[in-house]
Amino acid sequence: HRDLHLSIRRQRQMCIRDRLKDRTTSPEEKAEDIRELVGVTFAYQILGDYYRQRDQIQEAFHAYRYAVKYGRESRVLIILLLSLTRLGLVLNRLGNFDDAVALIEDALDMRLQIGLPNLIAAAYSSLGIVLTSQGNYQSAIDNLEKTVAIYRALGHTLGVAQNQANLSEAKRRYAGSVGMRATQEGVRLLHEAISFAEEAGVSAEQSASARTIVRANIELGCALRALARETYEGKVRTASSLQRLIIESENALRKAASHAYEKALPVLHLDALANIPFLYYYVNNVTKAKHSLDEIWGYVPQNYLIQPSLIEPVLGSEPQIAFWRHIAKLTTLQGHIAYDRFQEFLHDEDLRQCAEAYMLAMEYNERYSHDEMGIQNSRQQIYDRLRKLDVQVLRRFALYVQEHAANYGFTETNLQKRLDMRTLWFA
């Protein structure tokens, strides 16, 4: 029904365009046509919002793209800028950072022309989210701090909560970037990330936004996890109890998962749970990391898994591709654990398991996005480990990858292509 409805709408839109171009069309008729174009733009925005809330990113992209096109034709700035911003955020999720920044900066210029503070705050927020994804953390923090200040002045509790969570993520990721890990400045950023996440949780509870409550608790759990990792590694003074940080991190992540489950937010539910095994891996509790992994695989939708001789999972009519991002994270961690066991005991069965996990992780990542920052980090983690192996081990690793590829039905894998590009493929 939705496809038929959209087909009829598109035919109607073509008629509107023809009438607007026709010089014989009266001003009154043109005004009516513009109103209808605004309605069409809103219809596509609503459809895009529906898909984005369900993490159906490709579908949201197509809907918002139509919204922008017809928004431009309507020439109503306030309508167009909403579509531009949302399209930019979806492009960011797909890893198209340059296009995302261009569209959001375009929207910001329009919002500054209009001068409404809530619209300006939303543009700064969107830009901050994209800059965080790009790894441009200081600029992201600057934009998000402006956003929080504007929303706070407006008394917009939900806007404050959402962007305190965004600020928490930006500061946490900045603390984990090259040059910041294991430094006092990095620890300071993590403490600030924890504070912002805690404040976001309070504000989110006041606004009763289920998504924001979940997001705030995920950010709190991740910031506490990062501080636990710094405390465990002991390269810099944190003045924190490791055991307390571990307990509080897992509690926050499980609270997020529980709330997401209750509110039927399956992608956020898996997002929250998928962070728990990494908590224990980072503090070298491999037994609990593996136990958590085993528990969480029970919550992964089975139709999103790549199965032997079934290369493309059967997703149904409304795929939520963000599942692949979290499945890839879990599979990557399985590979890390097998790699570590191989390094310790030199058993080839561990190398074989590592090869399968890394191969599948790369396939899941590529199905979600090629350029998204988390996926780039995942690829780099795999590369950083494999480059430490000598050539004879790399030959056996490549052989195991080929065996697994044949079992799953791949003619070539993304792992092979990536390692070949970086001169680590010795088949």
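Which way does H9 pass H10, in a left-handed or a right-handed crossing? I looked that up, and H9 passes H10 in a left-handed crossing. (A crossing is left-handed if the near helix is turned anticlockwise from the far one by less than a right angle, and right-handed if clockwise.)

**Ground rules**

I'm working on a predicted model, where local features need pLDDT of at least 70 and side-chain atom pairs count only at pLDDT 80 or more, while totals for chains, interfaces and linings use all residues. Residues are numbered from 1 along each chain as its sequence is written, and side-chain values use heavy atoms, with hydrogens and water left out. Helices are DSSP runs (H or I, at least four residues), numbered from the N terminus, and strands are E runs of at least two.

**Entry: H9 and H10**

I found H9 at residues 184–207 and H10 at residues 210–233, with axes that come within 8 Å and cross at roughly 160°. Axes are lines fitted to C-alpha atoms, for helices over the stretch in contact, and angles run from 0 to 180 degrees between N-to-C directions. H9 and H10 are therefore roughly antiparallel to each other. (Under 35 degrees counts as roughly parallel, over 145 as roughly antiparallel, 65 to 115 as roughly perpendicular, and the rest as oblique.)

Next I checked who touches whom, with contact meaning heavy atoms within 4.5 Å. On the H9 side I noted, among others, Val187, Leu190 and Ile194; on the H10 side the list includes Ile213, Leu220 and Leu227. By class, this contact has 14 nonpolar, three polar and four charged residues. (Ala, Val, Leu, Ile, Met, Phe, Trp, Tyr, Cys and Pro count as nonpolar, Asp, Glu, Lys and Arg as charged, and the others, Gly among them, as polar.)

**Entry: H14 and H15**

I went on to H14 and H15, which pack at an angle of about 160° with their axes 8 Å apart. They are therefore roughly antiparallel to each other. H14 passes H15 in a left-handed crossing. I sorted the residues of their contact into 15 nonpolar, seven polar and five charged.

**Entry: H15 and H17**

H15 also packs against H17 (residues 391–408), at an angle of about 55° with the axes 9 Å apart. These helices are therefore oblique to each other. I noted a right-handed crossing here, H15 passing H17. Among the residues that meet are Leu351, Tyr358 and Met359 in H15, and Phe397, Tyr400 and Val401 in H17. This contact has twelve nonpolar, one polar and five charged residues.

**Entry: spaces**

My grid has 1 Å spacing over the protein atoms alone: a cavity is a set of points where a 1.4 Å probe fits but cannot get out, a pocket is an open set with protein on both sides within 12 Å along at least five of seven lines, and lining residues have an atom within 4 Å of a point. Points are joined across faces, edges and corners, and a volume is the space filled by probe spheres set on them.

The second largest pocket has a volume of about 360 Å³. I counted 17 lining residues, with Trp297, Thr331, Gln334, Gln353 and Ala357 nearest its centre. H13 (286–297), H14 (322–345) and H15 (348–368) each give two or more residues to that lining.

Searching the whole structure, I got one cavity of 30 Å³ or more. The largest cavity holds about 40 Å³ of space. Its lining includes Met362, Tyr383 and Arg422.
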